[in-house]
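Me: I have a model open and want to go through it with you. Can we start with the loops and work outward?

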Amino acid sequence: MPATLWDFTAAITAGGRSSRFGSDKALALWRGRTLLQHVAASLEPCPQRLLVAPPGRYVLGGWTPVEDTRPGEGPLAGLEAALQAAGTGWVAFAGVDLPGLTRTYWETLAAARVPGALSVQAQDVSGRPQPLGALYHTSLLPRLRALLDSGERRLRLAAPEDTTVTAAGLNPAALRNVNTPADLAELKL
Ligand SMILES: Nc1nc2c(ncn2[C@@H]2O[C@H](COP(=O)(O)OP(=O)(O)OP(=O)(O)O)[C@@H](O)[C@H]2O)c(=O)[nH]1
Ligand SMILES: [Mg+2]
């Protein structure tokens with residue numbers, strides 16, 4: 001895959017409460033590294049890397065801290081902060097709880113971009129597009145602001161359906177989501 005495909009900004013949204021996990025899941029260990037480190041490694045080739053989190057919560061070398069625009073309001077607000085900080089272009093938006101993400105995963109999404117698209121999302125095993133672990137264009141920012149101002153919090157509404165490309169055939173292991181200690185235990189099997 002040509003290196004020129006890594007022409008997007010990386011953003012990890014890490015402002016969650018981990019209430020189902022019971023402790024900070026970003027710092028939970030899997031294969032000797034934290035979940036946050038796994039996600040960060042998948043995005044290391046990106047020229048600009050942003051970590052949206054409460055100030056001082058994490059130290060992640062090479063990643064620029066970005067404060068939430070609306071702290072505690074969920075990943076849709078995290079995406080707003082990320083797109084605002086990114087400037088102009090494409091942003092790879094990841095959660096801390098997707099430790100199976102790989103460089104190949106992001107390269108596949110990046111290669112699926114077409115003119116006019118504003119988001120590229122992987123199709124999961126049930127055929128649904130996955131809004132976390134997806135690419136978003138910064139021109140979505142006015143829409144996101146309007147959605148959030150109106151009280152909307154669902155990340156899957158971030159991009160209009162008719163401007164969202166879905167990429168099929170990605171490794172389902174890339175999208176394993178850790179919400180509970182049981183999810184992490186399953187990952188270790
Ligand atoms: N920046 C930011 N990220 C968030 C916020 N809420 C959740 N996230 C992140 O969004 C991703 C997926 O969120 P959830 O699985 O709902 O995580 P969570 O809120 O920490 O966990 P629960 O409390 O169990 O729902 C994780 O990377 C979270 O850190 C927020 O208010 N701001
Ligand atoms: Mg949550």
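Me: Where is G15 found?
Reply: G15 sits in the loop between β1 and β2. Keep in mind that this is a predicted model.

Me: Buried or exposed, G15?
Reply: G15 is buried, because 23 other C-beta atoms lie within 10 Å, and the cut-off for buried is 20 or more.

Me: And what is G15 in contact with, leaving aside its neighbours within four places in sequence?
Reply: With V52, A53, P54, D68, P71, G72 and G78.

Me: Which residues come nearest to ligand 1?
Reply: G15, G16, S19, G78 and G95, out of the 22 residues around ligand 1.

Me: How do the residues of that shell divide into nonpolar, polar and charged?
Reply: The shell around ligand 1 has 7 nonpolar, 10 polar and 5 charged residues.

Me: Which helix gives the most to the shell?
Reply: Helix α2, residues 75-86, which contributes 3 residues to the shell around ligand 1.

Me: What does UniProt list for "binding site"?
Reply: The unreviewed UniProt entry lists T13, A14, G15, K25, D68 and D97 under that name. One of them, D68, is also among the contacts of G15.

Me: Take D97 then. Where is it found?
Reply: D97 is in the loop between β6 and α3. D97 is buried, since it has 24 other C-beta atoms within 10 Å.

Me: L35 belongs to a helix, I think. Which residues of α1 are buried?
Reply: Helix α1 covers residues 35-42, and its buried residues are L35, L36, V39, A40 and S42.

Me: Why do they count as being on the same side of α1?
Reply: Because they cover an arc of only 160 degrees around the axis, they lie on the same side of α1. As background, an α-helix has 3.6 residues a turn, so residues three or four places apart point the same way.

Me: What covers the buried residues of α1?
Reply: The cover includes the strands β1 (9-13), β2 (29-30), β3 (33-34) and β6 (90-95), along with helix α3 (103-111).

Me: How many C-beta neighbours does S18 have inside 10 Å?
Reply: S18 has 17, so it counts as partly exposed.

Me: What about R31, what is its phi?
Reply: R31 also has a positive phi, about 50 degrees, although it is not a glycine. R31 is in the loop between β2 and β3. With 9 C-beta neighbours inside 10 Å, R31 counts as exposed.

Me: Where does R128 lie?
Reply: In the loop between β7 (119-123) and β8 (129-137). R128 counts as exposed, because it has 12 C-beta neighbours inside 10 Å.

Me: How far apart are R128 and G32 in space?
Reply: R128 and G32 are 31 Å apart, C-alpha to C-alpha, and 96 residues apart in sequence.

Me: Now the whole chain. How many helices and strands?
Reply: The protein chain has 5 helices and 9 strands. From the N terminus on, the order is β-β-β-α-β-β-α-β-α-β-β-α-β-α.

Me: What share of the 189 residues counts as buried?
Reply: Of the 189 residues, 39% count as buried. As for contacts with a separation of 6 or more, residues 24 or more positions apart account for 69% of them.

Conventions
Residues numbered from 1 in each chain as written. Chains lettered and ligands numbered in written order. Predicted model: local features only at pLDDT ≥ 70, side-chain atom pairs only at ≥ 80, totals over all residues. Near = placed C-beta within 6 Å. Helix = DSSP H or I, 4+ residues; strand = E, 2+ residues; numbered from the N terminus. Nonpolar A, V, L, I, M, F, W, Y, C, P; charged D, E, K, R; others polar. Contact = placed C-beta atoms within 7 Å. Arc of directions from axis to C-beta. UniProt positions renumbered as here; feature names shortened; annotations may be inferred.
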